[in-house]
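Me: I would like to learn how to read a model of this kind, feature by feature. Could we begin with the contact between the chains and then turn to the strands?

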Protein chains: 2
Amino acid sequence: MKKAILASTSTLHGQDYLEYLIPHLNNLYGEQKEILFIPYARPGGISHDEYTAKAKEAFKKANLSIKGIHEFENPIEAVEKAEGIFTGGGNTFLLVSELYRNGIVEILQQVIAGGTPYMGTSAGTNIGGLTMGTTNDMPIVLPKSFKTLGLVPFNINPHYLDPDVNSTHKGETRETRIKEFHHFNSQPVVGLREGSWLALDKNEIILRGELSARIFKTNQEPYEVETGTILTALN
Amino acid sequence: MKKAILASTSTLHGQDYLEYLIPHLNNLYGEQKEILFIPYARPGGISHDEYTAKAKEAFKKANLSIKGIHEFENPIEAVEKAEGIFTGGGNTFLLVSELYRNGIVEILQQVIAGGTPYMGTSAGTNIGGLTMGTTNDMPIVLPKSFKTLGLVPFNINPHYLDPDVNSTHKGETRETRIKEFHHFNSQPVVGLREGSWLALDKNEIILRGELSARIFKTNQEPYEVETGTILTALN
């Protein structure tokens, strides 16, 4: 029975890192636990230590401690024994490369399926989908595979951004990119706006936060689902 | 001696497809030639035939004909015999996958080095760089390698977009993404704004168009170069 929060972003405009998620951490992880932090995505290229320190400071506000996976000798064992797991955002290609390089993709799937609580933000949420094929990140390194954890039966596009109707920029919109994805991939994509998250609990997947999410399916017009919608059967 | 136009975008706001590039096509390709079109990037998922028809219509304005590489039985032979080559935009992951799948990466490098004129727009420009590691596209398919044609000794970021200072969106800016790229890759990156192109001629690489370009190097503040700047030694 999976227990997870898959959040579009770590930080809302004008707020501190993870601020809007802190009230939900004890419900997810319980009280006074040590959470395993996966800093592999290294936003802006910061070090594993720097990133872990940042997560530590935020989690302290919920009386939870943090230890970086890079501080353990054996990352597989670290995942096996974790009381809870948090994967931070950054570059998804780098994150997925490192997950495979450290051999922890399968063990992550196993422990989360077995009930170890998981939270991801941004890239950490992307890997909750079937593949990382709907990331917004640059391919700065080539991972062995684009397959990810599949905690939900669809793909996720974090930081989903509505097309700017006033823009004169001719780069592809997010919607165009997802449409291209669907010419080669059949799973639905959930465009998760900032401040939204998917809550996995009691075998349900529910959209949380204040905003609606945008659902993309092959050969179908995209549509909106309101917060509170159950997305368990979306596949 | 390479002869090429590597353009940030195919289309400027309010203009027709390739409109601003048409006045330069005869200088690049010569008169009344048949140009080989590589439609593999399939923007928005359109078919090879549809995409080729679109390129054909635009090239007619410069009295040049177009034939899609998919219309040839042997794509390698098609590249070898081409009087000129044009690669259109779309999804870079798909384009690079197809270049490798059809075995034409090396032959493209050879004929362009030998003087066959080349034009790329967007994804077709991305592949002119050393790798596709600075594309903006979604990883909808996994290519065999991120290595690309290396017509220039650096990477290119097409559709370069300055950070929107008024934005409250917390997704990474283009500059942040390129900074992450530089933690794992050493080559410079040229952020090519829409309407700009790199002109390769007489062993020089020159920035053309009305706007400046933004240059990113490892461990250095990004800086602007004006149109007309020679970028041959940027590596």
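Reply: A salt bridge is counted here when a side-chain nitrogen of Lys or Arg lies within 4 Å of a carboxyl oxygen of Asp or Glu. Please keep in mind throughout that this is a predicted model. With that rule, two salt bridges are found across the interface of chain A and chain B. One of them joins R177(A) to D137(B), whose closest N and O atoms are 2.8 Å apart.

Me: Which elements of chain A give two or more residues to the side that touches chain B?

Reply: They are α4 (92-101) and α7 of chain A, and α7(A) provides the largest share of that side, seven residues. Sorted by class, the side of chain A that touches chain B holds 17 nonpolar, 21 polar and 10 charged residues.

Me: How many residues does each chain bring to the contact, and what area do the two chains bury between them?

Reply: Chain A and chain B each bring 48 residues to the contact. Together they bury about 3,800 Å², with 63% of that area on carbon and sulfur atoms. The polar side of the picture is given by 10 residue pairs in polar contact between chain A and chain B, counted where both residues have pLDDT 80 or more.

Me: Now to the sheet: in what order do the four strands of the open sheet stand, and why is one side of β6 and of β11 of chain A left without a neighbour?

Reply: In a regular strand the side chains alternate between the two faces of the sheet. In this model the order is β6-β7-β10-β11 in chain A, and the pairing is mixed. β6 (155-157) and β11 (223-225) of chain A stand at the edges with a single partner strand each, so one side of each has no neighbour in the sheet. From one strand to the next, the twist averages 30 degrees.

Within this sheet, β7 (residues 189-191) and β10 (residues 213-216) of chain A pair in the antiparallel sense over three bridges, and V190(A) has I215(A) in β10(A) as its bridge partner. Helix α7 (residues 174-182) of chain A lies across β6, β7 and β10 of chain A, and runs at about 30 degrees to β10(A).

Me: How many residues lie between β8(A) and β9(A) in their hairpin?

Reply: Two residues lie between them, and K202(A) in the turn has a positive phi of about 50 degrees. β8 (residues 197-201) and β9 (residues 204-208) of chain A run antiparallel and are joined by five bridges, with A199(A) standing opposite I206(A) of β9(A).

Terms used. Residues numbered from 1 in each chain as written. Chains lettered and ligands numbered in written order. Predicted model: local features only at pLDDT ≥ 70, side-chain atom pairs only at ≥ 80, totals over all residues. Heavy atoms only, no water. Pairing = 2+ DSSP bridges. Axes fitted to C-alpha atoms, helices over the stretch in contact; angles between N-to-C directions. Contact = heavy atoms within 4.5 Å. Buried area = accessible area lost by both parts, 1.4 Å probe. Polar contact = N/O pair within 3.5 Å; in protein donor to acceptor, adjacent residues only side chain to side chain. Nonpolar A, V, L, I, M, F, W, Y, C, P; charged D, E, K, R; others polar.
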